[in-house]
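Have the sequence and structure open as you read.

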Amino acid sequence: MLLIPCPFCGARDETEFAYGGDAGVERPTDPEAATDEAWTDYLCFHDNPKGPHRELWFHRDGCRRWLEVERDTWTHELGAVRLSRP
Amino acid sequence: MRRQPFRAAEGGHLIDRTEPLRFDFDGHRHEGYRGDSLASGLLAAGVRIVARSFKYHRPRGVWGFGPEEPNAMVTTGVREEARPNLKATEVPLSEGLEAFGQNAWPSVSWDLGGAAGLAGGLMPAGFYYKTFMAPARWWPALYEPLIRRMAGFGPAPSAPDDAFYAKRRIHADVLVAGGGPAGVAAALAAARAGARVVLADENVRFGGDLLRAPGEIDEGDGLDWIDTAVAELEAMSHVRLLRRATVAGYYDHNLLTVAERPGGEAPAGAPAARLWFVRARDVVIAAGAHERPLLFDGNDRPGVMSASAAGGYAHAYGVLAGRNAVVAGNNDSIYRVARLLRSAGVGIAAVADTRSGGDIRDLPCRAGGTVERVLGSRRVRGVLLRRADGRAGDKGERIACDLVAVSGGWSPAVHLHAQARGSLGYNEERGLILPDRPGGANRSAGAAAGRFDLDGCLAEGWTAGVAAAASSGHERPAGEPPRSPDRSAWEAPVFWQTGGGKRFVDLQYDVTAADVDLAAREGYRSVEHVKRYTALGMGTDQGKTSGMAGLVLLSEALGRPVARTGTTTFRPPYTPVPMAAMASGLIGEGRDALRRTAADDWHEARGALFTAAGLWRRPRYYPREGMDEEEAISAEVRETRAGVGIVDVGTLGKVDIQGRDAAAFLDLLYANRMSSLKTGRGRYGLMLREDGRVFDDGVVMRLGENHFYLTTTTAHQHEAMQHIELLLQTVWPELEVYATDVTEHWFAAALAGPGSRALLGRAAPELDLSDDAFPMMAVRAATVAGLSALVFRMSFSGELSYEIAVPADQGLALWTRLLTEGREDGLTPYGTEAMGTMRIEKGHVTHAEADGRTTPDDLGLGRMVRAEGPGIGKRSLELPALRRKGRQQLVGLSVIDGEARIPPGCQVVESDDMKPAPPLGHVTSFCYSPTLGRALALALVENGRARTGQTVYIASPMIDLSMAAEIVSPVFYDAQGTRLHG
Amino acid sequence: MADDATEARRSALAGLDLGSRAGGAGGVLLGEGPAQESFVLRGPAADTAFAQAVEEVLGAGLPLEPGEVREVCEDALLIRLGPDEWRLMAPLSDDGRLAARVASGLAGGPGALVNVSSASTIIAVTGEHAADLLATGTGIDLDPAAFPPGRAVRTHIGNAQALVQRRAEDAFDLHVPRSYARSFWEWLEERGREFDAAVAL
Ligand SMILES: [Zn+2]
């Protein structure tokens with residue numbers, strides 16, 4: 001079980017969090033102006049790396065903040081963790 | 001006959017001779033002492049055959065001393081109390097203990113299945129795969145039961161286990177796995193440095209190898225030193241000592257499980273087992289080493305035993321594993337064992353050392369000699385010794401004995417290191433697999449790291465303890481590490497085997513050297529494949545004694561270096577953990593939360609039948625005297641539509657939204673516009689996922705300029721909050737909006753039916769309920785039944801309806817007061833079935849229709865979507881896939897045979913010929929409508945709206961059902977909505 | 001007027017009839033704490049206008065350490081639960097004065113106040129094994145060095161989310177969502193068997 005160092009609450013068990021997917025996906029700032037291709041890229045085509053990955057975790061049972069967590073999907077080693085909105 | 005014929009007159013630091021215990025083994029009464037293990041008790045009683053082997057049913061005795069035991073598998077208790085697959089070495093003796101040897105019927109000493117063993121090579125490697133191949137249909141009925149009866153382990157208990165099992169989660173700066181000299185030294189160093197320490201050991205007493213053989217530490221007895229250190233640790237409030245507790249699993253981020261089996265000496269009321277979860281900053285792995293066997297013909301006979309175990313039984317329990325011993329091995333530890341046995345009263349017939357030289361004058365040494373074969377069929381009667389170098393002309397030497405104590409060297413217990421994804425290295429010269437780079441914050445010390453001398457173990461343990469404490473910021477403690485004059489290295493050649501015959505590598509699974517050879521000849525190259533093909537190392541001992549032997553044999557057979565062959569994966573747990581301990585807290589009372597609304601006690605008292613809605617329970621319907629289920633539900637519907645009904649809607653998700661940008665945010669959150677709402681009014685809203693599918697629906701009420709109250713479905717309370725916070729925190733962080741889940745604060749009940757206005761009018765006399773003053777989709781604060789409430793006028797049933805919300809602690813009062821007030825109106829409480837029936841009659845959607853695949857347009861709600869604006873999901877609605885023709889659309893199905901009942905899971909098809917054909921869609925919801933007097937269904941059907949008027953078929957091929965239905969509007973009842981006004 | 005709210009109030013644990021089962025001594029005591037008035041206070045910690053407004057109406061500044069519990073006016077406590085979230089708790093009163101005062105103090109500036117008085121049930125866990133009992137179902141570090149008395153944390157225990165307020169080394173108030181309260185209590189009692197749990201008088 002991962003131990004995620006929440007910048008606000010301190011280190012907490014993975015079970016207190018909800019996984020939120022890739023943190024590196026940028027929502028087009030003007031969706032109406034986005035081409036179908038750009039929009040489907042945003043929706044569907046995400047990297048699934050073996051190795052370092054930036055992902056979102058929601059601290060559901062703690063501070064209720066969305067965190068950006070750097071996690072190695074192979075070793076589960078964690079890198080920087082920050083509040084999505086400081 | 002003496003009761004304990006093999007108990008020495010004195011000695012045994014683990015037993016209390018003043019407290020004899022009686023126990024039964026295979027129906028025979030024996031006696032042992034408090035402190036004995038079942039294994040030592042059986043040996044003291046002279047019981048040599050303890051179990052039968054897995055495959056050949058060969059008689060087996062005790063081989064080891066602890067969790068490495070491959071042979072002595074027993075079941076304790078009978079029938080419902082049975083605890084199968086225990087190792088006799090790990091079962092503490094207790095008064096009245098009943099135990100049985102496994103794999104044998106009727107008993108281990110007279111076993112019918114043993115005939116399998118007579119037929120030598122009957123079951124070679126891969127036997128099961130080769131024999132039970134085809135036909136496949138014979139597997140469930142024939143092969144599997146046959147294999148299980150022949151080869152199964154102990155019987156499963158016949159009744160639920162009602163013993164109490166416990167779990168505990170703790171944190172530590174340093175977890176020390178193993179309480180031998182290295183572990184205790186590590187714990188002492190770390191604890192003195194101030195670190196929070198957990199020290200766990202599998203035995204009832206700390207000491208590790210010192211339990212099996214004496215040693216000297218700091219110019220005194222080693223075990224005395226351990227006791228003193230343990231007393232010092234016990235006195236420190238930041239140290240926790242766990243006895244009879246094995247560190248079993250090493251998981252991500254230094255979470256380790258420790259399986260504690262209080263057993264034997266445990267105080268009354270202690271749990272049968274406890275599973276500890278320890279989150280440790282750093283871990284010292286001082287798990288020791290396992291003694292390897294020697295391979296010779298008959299090395300599985302009862303009486304052949306690990307040398308250190310034989311010495312250990314004498315030293316720790318005062319038990320003689322035999323009267324006359326041959327000690328054989330390839331390292332110096334055999335001399336220590338020989339002397340221990342001799343001083344306990346065992347005759348030493350010979351000490352055979354495979355290495356030349358090293359002749360010890362006071363022992364009958366056979367330098368350069370080894371065991372070739374065991375004599376005796378059911379137990380050891382003697383051995384045939386031969387020169388280890390195989391010199392020609394050697395006729396060998398027959399020596400009578402009843403105990404063969406063997407040592408093939410030592411394998412460090414690298415399991416935890418490897419579970420933590422640490423890398424392993426093979427030291428060719430020493431013949432050892434050793435921990436290399438650690439995976440995570442841990443360090444191995446002592447025998448687990450390949451240090452076999454007491455002085456080295458102490459020094460390494462101390463150093464590891466200091467370093468482990470430092471990783472949580474604790475400075476080096478004062479004082480010096482303990483010392484010992486013992487610097488014996490016990491270096492051994494890799495491995496020793498002799499001759500042919502039945503040479504067992506894996507005693508538990510009956511895997512022989514020939515099996516490994518055969519696997520190699522049949523083309524197996526990977527050690528993982530050989531493991532599965534031969535079952536080597538797959539028993540409950542997980543190859544603790546056999547792993548190294550198998551690896552060397554395979555490498556030899558393949559003609560490649562051991563380092564290239566590699567090991568199999570070390571997976572947790574290190575030693576079996578009772579399922580009941582893992583399940584503790586996850587079964588029985590309180591396993592899952594059951595959420596109850598404020599009116600739950602009333603529903604229960606009224607005899608409601610409940611249904612699960614997520615974690616909530618909701619009344620499904622209220623049974624009535626003399627009515628079946630459908631009649632009772634229909635009565636609830638009829639009485640509501642004709643008069644007035646009340647339903648508990650306390651489970652709906654509720655969110656308070658405030659902030660300067662609240663209205664702007666809701667325009668982004670919902671597909672329809674919310675910013676145009678006037679204060680005091682509400683609107684039905686659709687939340688989309690970013691991919692354009694309907695995510696959730698509910699009502700948004702504007703309570704003030706910057707203050708809204710919205711509802712979500714019961715199912716999506718938490719997901720909706722998570723979604724809202726994601727948008728506020730990552731997509732539009734510049735918006736000043738505060739969202740608070742207030743589901744738990746509010747209870748709500750809905751009054752529905754033409755009579756609801758009159759009833760509410762009496763309950764809330766200050767409230768003007770006229771259509772003008774309180775129109776549809778308005779919200780008012782009011783006093784209802786004497787309670788401060790929010791009243792919403794909205795409708796799910798299609799009737800005139802009001803939802804009344806009060807703080808949940810007053811929810812039951814609201815409910816009961818309304819029911820009292822409504823007595824004269826014939827107020828009918830109704831459940832989710834009646835609610836569902838009424839919403840189907842009205843064509844309102846729920847998650848059955850908004851199933852995560854449907855768009856607003858699919859559901860006929862396309863007009864709700866505001867054209868402009870960057871709201872969530874709206875851009876996706878423009879994608880070709882969501883606009884194409886042929887999507888499934890929501891329709892109503894009017895069943896031609898009105899009395900028909902539609903079972904769940906029906907498809908909608910074009911023809912009734914029951915031939916395979918792609919369906920047009922499927923039925924999403926169905927009911928018998930008491931209002932219309934016939935069966936109704938909602939369905940998602942390809943191009944459904946354009947098919948209005950067509951006849952299709954509701955089909956369920958599994959039950960050979962097909963019924964004609966007409967596609968109609970999903971709104972079956974009151975399409976004009978006139979009933980909303982009462 | 002909501003004149004009879006007091007009479008109308010009912011604990012989520014009322015159905016368990018704890019009063020009749022109270023008594024006995026055990027390694028841990030379970031009891032229901034008195035209902036409280038409780039509000040979620042939201043606002044930007046770094047915004048001086050917000051911080052000042054709070055300090056003016058509550059008579060004490062915002063607690064800024066995670067989990068810090070600060071006594072403010074009229075026996076009320078303010079607990080920091082998130083970067084922009086606090087919990088304001090006070091003894092139960094039906095006059096609505098506290099809420100009105102805070103709401104008017106915040107008016108015009110950023111921030112929000114939400115009444116959640118009915119949202120939680122308070123269960124007091126006390127006694128020698130209080131922390132051990134919680135440790136059967138939560139992964140947070142309950143060592144007093146890591147979680148000292150006087151602090152509060154939100155976490156998950158057993159089958160429910162809980163705001164854990166540590167009153168003393170061996171005394172905890174668990175604020176659990178009202179709808180979960182009864183099954184959470186049952187969970188506590190089941191796990192409490194290990195410590196001879198008894199119902200507090
Ligand atoms: Zn947090």
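The largest cavity holds about 150 Å³ of space. This is a predicted model, in which local features need pLDDT of at least 70, side-chain atom pairs count only at pLDDT 80 or more, and totals for chains, interfaces and linings use all residues. Residues are numbered from 1 along each chain as its sequence is written, chains are lettered from A and ligands numbered from 1 in the order in which they are written, and side-chain values use heavy atoms, with hydrogens and water left out.

**Cavities**

- Rolling a probe the size of a water molecule over the atoms shows where empty space is left.
- A cavity is a set of points, on a 1 Å grid over the protein atoms alone, where a 1.4 Å probe fits but cannot get out; lining residues have an atom within 4 Å of a point.
- Grid points are joined across faces, edges and corners, and a volume is the space filled by probe spheres set on the points.
- The count is eight cavities of 30 Å³ or more.
- In the largest cavity, 16 residues form the lining. Nearest its centre lie B:Arg596, B:Thr597, B:Ala598, C:Ala12 and C:Arg178.
- Helices (H or I, at least four residues) and strands (E, at least two) are DSSP runs, numbered from the N terminus.
- The lining of the largest cavity has seven charged, five nonpolar and four polar residues. Here Ala, Val, Leu, Ile, Met, Phe, Trp, Tyr, Cys and Pro count as nonpolar, Asp, Glu, Lys and Arg as charged, and the others, Gly among them, as polar.
- The second largest cavity has a volume of about 80 Å³. Its lining has 13 residues, and B:Thr597, B:Ala598, B:Trp616, B:Trp746 and B:Ala808 lie nearest the centre.
- Five nonpolar, four polar and four charged residues make up this second lining.

**Chain B with chain C**

- Contact (heavy atoms within 4.5 Å) joins 48 residues of chain B to 48 residues of chain C.
- About 4000 Å² is buried between these chains, and carbon and sulfur atoms give 46% of it. Buried area is the accessible area (1.4 Å probe) that two parts lose on being put together, summed over both.
- B:Phe164, B:Tyr738 and B:Asp809 lose the most area in chain B, together 17% of what that side buries.
- Eight salt bridges cross this interface. A salt bridge is a side-chain nitrogen of Lys or Arg within 4 Å of a carboxyl oxygen of Asp or Glu.
- One salt bridge pairs B:Arg196 with C:Asp141 (2.5 Å, N to O).

**Chain C with chain A**

- Here 15 residues of chain C are in contact with twelve residues of chain A.
- The two chains bury about 1000 Å², 49% of it on carbon and sulfur atoms.
- On the chain C side, C:Pro83, C:Arg154 and C:Gln161 lose the most area, together 42% of what that side buries.
- The count is one salt bridge. A:Arg65 and C:Asp84 meet in a salt bridge at 3.3 Å, N to O.
- β4 (77-82) and β8 (152-157) of chain C each supply at least two residues of the side that touches chain A. With four residues, β8(C) gives the most.
- By class, this side of chain C has five nonpolar, five polar and five charged residues.

Key: 1 Å grid on protein atoms, 1.4 Å probe; cavity = no way out; pocket = protein on both sides within 12 Å on 5 of 7 lines; lining within 4 Å.
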